[in-house]
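Colleague: I am new to this structure and would like to go through it with you. Could you put it on the screen, please?

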Amino acid sequence: MSNAIGYISPNLGGFVVRARYYLRSEPGNESFDTDAKSLDLSMSYAHGPWRTGISYARDTRPGGLLPNEFADKWQTGLRYDAGWVAPYVLIGRDTYANTPTSRHHVNYWLLGVKFSHNAHTVVLNVMDRAV
């Protein structure tokens with residue numbers, strides 16, 4: 001469970017900004033996630049058939065993150081919606097509190113296309129994630 005506060009801006013010329021800060025446990029809960037905090041920030045832009053966005057997320061814990069725990073993430077994407085077909089691409093980088101035998105950065109990309117006709121939709125994705 002988490003306690004969070006967030007904000008979504010009004011649409012300003014196609015731009016929307018989002019922010020969220022949250023505690024990853026209930027107050028007084030002595031679980032694994034006690035005192036862990038997360039911050040998510042993003043900005044998107046839409047104009048006509050084009051949509052794009054960028055986002056950043058970061059986790060913190062007093063005393064530092066645990067081995068292999070998620071530290072932060074960057075993502076960006078682009079989509080073109082032509083009505084019945086909408087191709088898109090997403091690229092990103094996850095960062096972890098790595099150990100000597102694990103990766104610090106994990107890069108990934110995803111190519112996809114969404115086909116729509118009336119109430120029917122088919123989505124196809126291809127993804128590569130360096131693990």
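Colleague: Is Glu69 buried or exposed?

Modeller: Glu69 is buried, with a relative accessible area of 11%. Buried means under 20% relative accessible area, exposed over 50%, and partly exposed in between, with a 1.4 Å probe and protein chains only. Please note that this is a predicted model, in which local features need pLDDT of at least 70 and side-chain atom pairs count only at pLDDT 80 or more, while totals for chains, interfaces and linings use all residues. Residues are numbered from 1 along each chain as its sequence is written, and side-chain values use heavy atoms, with hydrogens and water left out.

Colleague: Where is Glu69 found?

Modeller: Glu69 lies in the loop between β4 (50-60) and β5 (70-80). Strands here are DSSP runs of E with at least two residues, helices are runs of H or I with at least four, and both are numbered from the N terminus.

Colleague: Which residues is Glu69 in contact with, leaving aside its neighbours within four places in sequence?

Modeller: They are Arg24, Arg61, Tyr96 and Ala97, where contact means heavy atoms within 4.5 Å. With Arg61, the side chain of Glu69 also forms a polar contact of 2.6 Å. A polar contact is a pair of N or O atoms within 3.5 Å; within protein, one must be able to donate a hydrogen and the other to accept it, and residues adjacent in sequence count only if both atoms are side-chain atoms.

Colleague: Let us step back. How many helices and strands does the protein have?

Modeller: There are zero helices and eight strands. The radius of gyration is 18 Å, well over the 14 Å that the globule rule gives for 131 residues, so the protein is more spread out than a compact globule. That radius is taken over C-alpha atoms, and the rule is 2.2 Å times the number of residues to the power 0.38. Along its principal axes, the C-alpha trace spans about 50 × 40 × 25 Å. Of the 131 residues, 21% count as buried.

Colleague: What is the order of the strands in the sheet?

Modeller: The open sheet of eight strands has the order β1-β2-β3-β4-β5-β6-β7-β8, with antiparallel pairing. Its edge strands are β1 (3-8) and β8, each of which pairs on one side only. Two strands pair if DSSP finds at least two bridges between them.

Colleague: How many bridges join β6 to β7?

Modeller: Eleven bridges join β6 (residues 85-96) to β7 (residues 105-117), and the two run antiparallel. Within β7, Leu110 stands opposite Leu90.

Colleague: And how many bridges are there between β7 and β8?

Modeller: Ten bridges pair β7 with β8 (residues 120-129), again in the antiparallel sense.

Colleague: What about β2 and β3, how many bridges do they share?

Modeller: Nine bridges connect β2 (residues 15-23) with β3 (residues 37-47), which run antiparallel. Arg18 has Ser42 of β3 as its bridge partner.

Colleague: Which residues does Ser55 touch, not counting those up to four places away in sequence?

Modeller: Ser55, in strand β4, touches Leu41, Ser42, Lys73, Trp74 and Gln75. At 21% relative accessibility, Ser55 counts as partly exposed. The C-alpha atoms of Ser55 and Gly77, 22 residues apart along the chain, are separated by 9.2 Å.
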